[in-house]
Structures are given as structure tokens and as C-alpha cells.
Amino acid sequence: MMNRWKIRGRELALDHPRLMAILNLTPDSFSDGGRWLRPEDAIQAARRFVAEGADILDLGAESTRPGAPAVTETEELQRLLPVLETLRSECTLPISIDTTKPGVAQRCLEAGADIINDVSGLQTGGDEMARVVAHYGAGLVLMHRRGDAATMQSLTQYSDLVADVKKELKISIEQALAAGVEPAAIVVDPGLGFAKTAEQSLELLRRVEEFRALGYPMLVGPSRKSFIGKITGREAPEARVWGTAAAVAWAAFHHAAVFRVHDVAAMRDVLIMIHSLQGEGKEHVRAF
Ligand code: HH2
């Protein structure tokens with residue numbers, strides 16, 4: 001198991017849990033949509049996330065919410081580039097771009113982004129996406145999803161959920177490697193809420209440790225998702241923070257490496273506590 005993530009010539013140690021802060025530059029994301037449409041607001045939010053302890057910033061301009069309208073490449077880049085360029089000039093943290101489009105990935109990597117977070121696991125952008133990532137030596141998150149935002153909710157029939165998701169992730173991994181992406185650049189993600197019912201997201205999280213057998217570090221993204229709302233009875237995404245904390249704690253205990261979250265300050269404390277309870281967090285205790 002690799003405990004480092006190779007990102008454009010740098011290495012992010014994964015010997016303790018890492019926080020990826022979500023910054024959606026969209027009008028319609030389910031939780032933070034429309035909040036940071038103005039680049040200066042997004043940049044302020046990113047600065048706050050950095051101060052709160054984020055390890056990676058994840059910028060997205062294409063809502064992946066079920067039924068969300070498609071965004072053109074031009075529109076996606078118009079939302080991403082001003083924020084990316086400013087953040088790149090002032091911040092050394094790895095910057096990730098949540099996109100499925102090779103053209104968007106290429107332009108953002110050119111502008112200094114470090115990681116491509118592909119929620120389609122290369123199924124939308126195909127070999128072209130893999131080649132762009134390989135060319136820049138970027139980090140790559142391969143998330144499991146079936147179909148797209150329009151179709152995924154009807155693609156929840158699995159013969160064996162964990163085995164099928166693993167098998168489909170393996171196809172994405174093989175595709176990345178065949179295009180020249182280095183194994184150390186790859187992180188995998190079971191894709192909670194993407195072509196999964198609430199029960200299926202819960203089962204994937206319950207059995208998250210089984211994904212370690214793929215041999216790559218694991219990212220999970222439970223933050224404020226509807227399966228948490230369903231279980232806790234919380235309609236408003238902002239009311240799902242405690243449910244998210246439990247999901248993050250569980251996944252950290254079961255060796256997930258990277259946590260994509262909205263509530264950076266709160267989840268930092270959750271992760272530090274879990275890491276310290278595992279007996280590996282002495283450096284944090286000393287810091288207090
Ligand atoms: N979830 C969302 C988006 N991107 N990327 C990864 N790797 N893993 C995830 O679980 C994941 C993701 C959906 O959440 P969000 O960005 O908050 O909302 P929206 O898709 O509505 O923009």
C-alpha cells in the first residue's frame with residue numbers, strides 16, 4: 001500500500017489523514033451552490049479553508065448532482081480560471097480540479113493545478129483525459145460512477161455491490177496506467193451517492209476497508225450527502241455536519257487516506273482525534 005501521493009513531482013505523505021476542501025464554483029451544487037459565484041468570494045473561502053487546516057483545495061465548476069444541467073467547457077473554464085490563477089499565485093497547497101472534461105483538465109494543469117478529480121473514473125474523458133494527466137504528471141482521483149448526472153440514479157443494480165464497484169474501479173485504474181499515469185499518482189474513491197441508493201452508500205462506507213485490496217490510497221466524499229440526510233432525518237445539507245463527522249471518523253478508522261469535505265475546521269478535529277486514538281498522532285498532541 002502506497003502511503004504517499006505523487007503529484008507533479010512533489011509527494012504528499014499519506015501517513016496521516018488528509019483533508020480536501022470543497023469549493024464549488026457552481027450556481028446549483030446541492031450544499032454550497034451559488035455561494036461563491038464571484039471569484040473574490042471563492043478566493044476568500046479558499047483562504048479560510050487553508051487557515052482551518054485544509055491539505056488540498058478541490059475546485060469544481062460542474063455540478064454532479066443528479067439531474068444537474070450540463071456545463072460547457074467554456075463556461076467551466078470561465079468559472080475556474082480566475083479563482084485558480086489567484087490561488088496558484090498565493091498558495092502552495094495542491095489544487096485539485098473536479099472535472100470530467102480533458103480540455104478543462106489540460107487548461108487548468110497548464111495554469112498550475114496539481115490534481116484532476118474525475119468523478120467519472122475516466123469514463124467521460126476516456127484515454128484523452130488519462131493522457132492529459134500523464135503528460136503533466138498530475139495526481140488523479142478515480143471515482144466510481146455509472147452513467148452521468150442525468151442517468152446515474154437509474155443505474156443502481158449491482159449483482160454484488162462491493163465486488164462490482166471494485167471491478168469497475170479496476171477498469172479505470174488499468175485505463176490510467178495504460179496511458180502512462182504513474183501508479184503513485186492514483187487515488188481511488190468508491191463514489192458515495194453516485195449511482196448508489198442511500199442503502200448502497202451506507203454499505204460501501206461500512207465496508208470501505210475492502211477497497212484497500214485495490215492497492216491504492218483511498219479518498220471518500222460523504223460530506224453532507226443525501227444518504228446522511230436520509231439516515232439522520234436532516235433535510236438541510238448544513239444540518240448534516242454531525243452525520244458527516246461520524247462518516248469521516250468511521251472511514252478514517254478504516255484507513256481511508258483523503259477526506260473531501262465542506263466543513264474543514266470541524267473535520268480537522270475529527271481526523272486528529274481518530275489519528276491520535278490510533279496511537280499515531282503524537283505529533284499533534286505535542287502541538288497543543
Ligand atoms: N462528490 C461530489 C463531487 N465530487 N469527488 C470525489 N472524488 N468524491 C466525491 O464523493 C464527490 C466528488 C458531490 O458533492 P458536491 O461537490 O458537494 O456537490 P455537487 O456535485 O452538487 O456540486
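Ala, Val, Leu, Ile, Met, Phe, Trp, Tyr, Cys and Pro count here as nonpolar, Asp, Glu, Lys and Arg as charged, and the others, Gly among them, as polar. All views show a predicted model.

**View 1. The shell around the ligand, by residue class.** Six nonpolar, seven polar and five charged residues make up this shell. There are 18 residues around the ligand, and those that come nearest are Ser 29, Thr 64, Asp 189, Lys 225 and Arg 260.

**View 2. Polar contacts between the ligand and protein side chains.** At Asp 189, a polar side-chain atom is 2.6 Å from a nitrogen atom of the ligand. An N or O atom in the side chain of Arg 260 lies 2.8 Å from an oxygen atom of the ligand. For Ser 63, the separation between a side-chain N or O atom and a ligand oxygen atom is 3.3 Å. The protein buries 98% of the 480 Å² that the ligand exposes when taken alone.

**View 3. The open sheet of eight strands.** Strand order is β8-β7-β6-β5-β4-β3-β10-β9, and the pairing is parallel. Its edge strands are β8, residues 186–189, and β9, residues 219–220, each of which pairs on one side only.

**View 4. The pairing of β9 with β10.** Strand β10 covers residues 258–261 and pairs with β9 in the parallel sense, over two bridges. Val 220 has Phe 259 of β10 as its bridge partner. Arg 260, with its side chain 2.8 Å from a ligand oxygen atom, lies within the residue range of β10.

Methods:
Residues are numbered from 1 along each chain as its sequence is written. This is a predicted model: local features need pLDDT of at least 70, side-chain atom pairs count only at pLDDT 80 or more; totals for chains, interfaces and linings use all residues. Side-chain values use heavy atoms; hydrogens and water are left out. A residue is near a molecule or strand if one of its heavy atoms lies within 4 Å of it. A polar contact is a pair of N or O atoms within 3.5 Å; within protein, one must be able to donate a hydrogen and the other to accept it, and residues adjacent in sequence count only if both atoms are side-chain atoms. Accessible areas come from the Shrake-Rupley method with a 1.4 Å probe; for residues, only the protein chains shown count as cover. Two strands pair if DSSP finds at least two bridges between them. Helices (H or I, at least four residues) and strands (E, at least two) are DSSP runs, numbered from the N terminus.
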